[in-house]
Amino acid sequence: MNNAGALTPPTVPPAPTWWRQHRVPVVATGLAIGVGALSVSAALVLLAKPMATVETMVPATADVMVLANLDPSVAQKVNFARALHRFPDTKTDLAITSTLEDALKVTGLSYRADLQPWLGGELGASAKLNDDSSADTAVTLYFVSRDDAKAKAFLAKLRTLAPGKTMQWQDETYGGLTISVGTPSQSTGKPAAYTYVNHVAVMATSRAMVKEAIDTAQGRTPRL
């Protein structure tokens with residue numbers, strides 16, 4: 001049969017896929033998670049990792065840097081919990097919290113009231129070693145925060161603790177930020193300083209160390 005005169009049905013473009021119709025960019029902690037591109041478990045692992053912030057403010061002049069990820073991947077959390085819960089004092093999450101609470105009592109701080117409400121996913125420490133005297137080693141502590149107001153309240157409370165009361169405190173501005181410096185009333189005492197930069201509480205044994213952390217965070221000096 002001759003089909004030369006038959007009409008060719010119009011070509012119907014394929015219906016747009018669900019993804020094309022409903023695509024929504026989701027940005028969480030710097031990761032774009034596409035629907036259908038990752039499995040649920042993989043997405044959970046990516047979302048569980050906090051953005052690294054501490055290492056962006058540790059100066060290159062530091063000799064040592066230690067980082068602790070308090071919010072690791074799901075698998076790491078499970079493995080860590082299993083290991084930690086083997087110890088008598090850390091068999092449950094409540095027991096772990098109670099252990100930390102007891103450990104901080106001697107300082108006048110409460111883990112539940114002063115730290116837990118704002119402490120974020122990462123903390124760290126850096127140091128400039130003094131080979132002649134370990135007591136003169138300069139140390140800086142970094143605590144990532146998830147609540148700016150509560151973190152700043154914690155820093156202010158340091159002045160009211162026993163060591164803080166023995167110091168003369170003075171605030172100064174550096175790099176657009178406030179640095180609080182405590183000078184000991186006795187020559188045998190150790191100075192202290194703290195600031196808050198990029199959602200990180202920074203505490204150090206000297207004004208100079210805090211300034212270095214600010215300079216590094218703001219890109220004026222190289223980082224470690």
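**Second largest pocket.** Of its 23 lining residues, Leu 141, Leu 158, Pro 163, Ala 192 and Met 203 are the closest to the centre. For my own reference: on a 1 Å grid over the protein atoms alone, a pocket is an open set of points where a 1.4 Å probe fits, with protein on both sides within 12 Å along at least five of seven lines, and lining residues have an atom within 4 Å of a point.

**Ground rules.** This is a predicted model, where local features need pLDDT of at least 70 and side-chain atom pairs count only at pLDDT 80 or more, while totals for chains, interfaces and linings use all residues. Residues are numbered from 1 along each chain as its sequence is written, and side-chain values use heavy atoms, with hydrogens and water left out.

**Lining.** I sorted the lining by class and found 18 nonpolar, 4 polar and 1 charged residues (Ala, Val, Leu, Ile, Met, Phe, Trp, Tyr, Cys and Pro are nonpolar, Asp, Glu, Lys and Arg charged, the others, Gly among them, polar). Strand 5 gives the most, 4 residues. Helices (H or I, at least four residues) and strands (E, at least two) are DSSP runs numbered from the N terminus.

Next I traced the open sheet: 7 strands, order 3-4-5-9-8-7-6, antiparallel pairing. Strand 3 (64–69) and strand 6 are the edges with a single partner strand each, so one side of each has no neighbour in the sheet. Two strands pair if DSSP finds at least two bridges between them. Strands 8 and 9 share 5 bridges, and Thr 195 has Val 202 as its partner in strand 9. Strands 6 and 7 pair over 8 bridges and form a hairpin with 2 residues between them, where Gly 175 in the turn has a positive phi of about 60 degrees.

**Helices on the sheet.** Helix 6 (residues 148–157) lies across strands 5, 8 and 9, at about 170 degrees to strand 8. Helix 8 (residues 207–217) runs at about 20 degrees to strand 8. Angles run from 0 to 180 degrees between N-to-C directions, with axes fitted to C-alpha atoms, for helices over the stretch in contact (heavy atoms within 4.5 Å).
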